[in-house]
Structures are given as C-alpha cells and as structure tokens.
Amino acid sequence: MEGLASADGQTLCGAMQSPLEQDGGTDDGYTRIARVDARTGMVKEIAHPLTNIGKVVKPKYSTVSDIVAINDHQLQVDERDGKGLSDGSSAVVKLTGFAFGPDADVDGAAKHTLFIANDNDYSSVVGGKSNPNQFCVIALDDGHWPRDQQDSSRRI
C-alpha cells in the first residue's frame with residue numbers, strides 16, 4: 001500500500017503502488033484502491049486506471065505515490081514515472097507526496113495551501129549532481145481549490 005486517505009474519519013482509502021501480480025503485475029494498466037468503512041468493516045475495491053507513459057504498442061505505466069481525499073467522494077491520485085536520479089532513470093514527474101494544508105493569509109487574502117514533496121530515495125548526490133529532497137507549498141484561490149469542486153462523476 002502506497003497511500004492512505006480519509007475525508008471524514010469514517011472511511012479509509014488505501015492505494016496500491018502498482019498492479020498486483022494476480023492483476024497482471026507491472027504490465028497491467030490498473031491498480032487497486034481499497035475503500036474501508038470503519039463503522040461496518042465493509043471493503044470495496046476500485047480499479048484505478050494508470051497513465052500510460054510509454055507507447056501504445058509498448059505500454060509502460062506509472063505507479064501511485066500518494067492519494068489525498070478531496071471530499072467524501074473524490075480522491076486525487078499522485079502518479080509518478082520512475083525513481084529518477086537514484087536509479088539512473090530520467091523521471092519527468094518526480095513527486096512523491098502531497099497534502100492539503102491550513103489556510104494562510106497572503107498579502108491580506110485568504111489562500112488554501114497544498115504541500116508537495118519529492119523523495120530522493122536517500123541519495124543526496126547522484127553522479128556528481130545534487131539530488132535534494134524538495135518541499136513546495138502552493139497557495140490557491142477558491143476557484144482553483146479542488147475541495148470546492150462538486151463533480152461526482154467518479155464517486156468513491
């Protein structure tokens with residue numbers, strides 16, 4: 001399990017990093033998200049389609065780094081394309097975790113915050129190049145805040 005999220009404290013969603021062996025392993029384009037109702041113990045599994053970062057004729061799928069609950073029926077799934085510098089690959093998307101933070105005052109305006117982090121896999125220098133962990137905080141207005149969106153097309 002690579003990410004856990006709960007919007008209401010009663011439902012826990014956990015995402016698998018990659019497709020399970022019984023689902024086709026890393027050659028499959030879907031991974032599982034388990035939704036557990038803490039009140040009843042009922043478990044529901046959701047097939048999450050992974051992004052094909054390869055070619056149509058030779059697919060290569062991303063893996064899940066993290067999930068965050070946007071509201072009580074939507075999740076944001078963070079996918080990445082590789083380990084990046086720590087294994088010699090060239091990651092295009094090297095994000096590992098993200099979370100909603102507290103609201104903040106920015107020049108007198110209330111902003112919502114989104115924290116984003118990468119993971120250098122314990123390799124601060126690779127091939128003579130600096131490879132630090134990095135953390136970013138993004139401030140968003142109400143119109144750009146995903147928790148305000150009411151799209152219920154993919155309910156969890």
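Modeller: Helices (H or I, at least four residues) and strands (E, at least two) are DSSP runs, numbered from the N terminus. By that rule this protein has zero helices and twelve strands. The model is a predicted one, in which local features need pLDDT of at least 70 and side-chain atom pairs count only at pLDDT 80 or more, while totals for chains, interfaces and linings use all residues. Residues are numbered from 1 along each chain as its sequence is written, and side-chain values use heavy atoms, with hydrogens and water left out.

Colleague: Which strands make up the open sheet, and in what order?

Modeller: Two strands pair if DSSP finds at least two bridges between them. Here an open sheet of four strands runs in the order β1-β2-β3-β4, with antiparallel pairing. β1 (3–5) and β4 are the edge strands; each has a single partner strand, so one side of each lacks a neighbour in the sheet. From one strand to the next the twist averages 20°, taken between axes that are lines fitted to C-alpha atoms (for helices over the stretch in contact), with angles from 0 to 180 degrees between N-to-C directions.

Colleague: What share of the residues counts as buried?

Modeller: Buried means under 20% relative accessible area, exposed over 50%, and partly exposed in between (1.4 Å probe, protein chains only). Of the 156 residues, 34% count as buried.

Colleague: Which residues make up the largest nonpolar core?

Modeller: In soluble globular proteins, nonpolar side chains tend to be buried together. A nonpolar core is a set of buried Ala, Val, Leu, Ile, Met, Phe, Trp, Tyr and Cys residues joined through side-chain atoms within 4.5 Å. The largest one here has eleven residues: Ala5, Cys13, Ala15, Ile33, Ile46, Leu50, Val64, Ile67, Ala69, Leu75 and Val77. β2, β5 (63–69) and β6 (75–80) are the elements that give two or more residues to this core, and β5 has the largest share, with three. Apart from this core lies another, of seven residues, including Val68, Leu114, Ile116 and Leu140.

Colleague: Which nonpolar residues form a patch on the surface?

Modeller: Patches are made of residues with over 30% relative accessible area and no salt bridge; like charges are joined within 9 Å, nonpolar side chains (Val, Leu, Ile, Met, Phe, Trp, Tyr) within 5 Å. Met1, Leu4, Leu12, Val36 and Val43 form such a nonpolar patch, with about 450 Å² of accessible area together; areas come from the Shrake-Rupley method with a 1.4 Å probe, and for residues only the protein chains shown count as cover. Val43 lies in β4 (residues 43–49) and counts as exposed, because its relative accessibility is 52%.

Colleague: How many salt bridges does the structure hold?

Modeller: A salt bridge is a side-chain nitrogen of Lys or Arg within 4 Å of a carboxyl oxygen of Asp or Glu. The structure holds four. Arginine 39 meets aspartate 37 at 3.2 Å, N to O; arginine 39 is exposed at 55% relative accessible area, whereas aspartate 37 is buried at 15%. Arginine 32 meets aspartate 23 at 2.6 Å, N to O. In lysine 111 and aspartate 141 the closest N and O atoms are 2.4 Å apart. Lysine 111 lies in β9 (residues 109–117) and aspartate 141 in the segment after β12 (135–140), so this pair ties together parts 30 residues apart in sequence. Lysine 111 is buried, with 17% relative accessible area, while aspartate 141 is partly exposed at 36%. Salt bridges with shared partners also join Asp23, Arg32 and Glu45 into one network.
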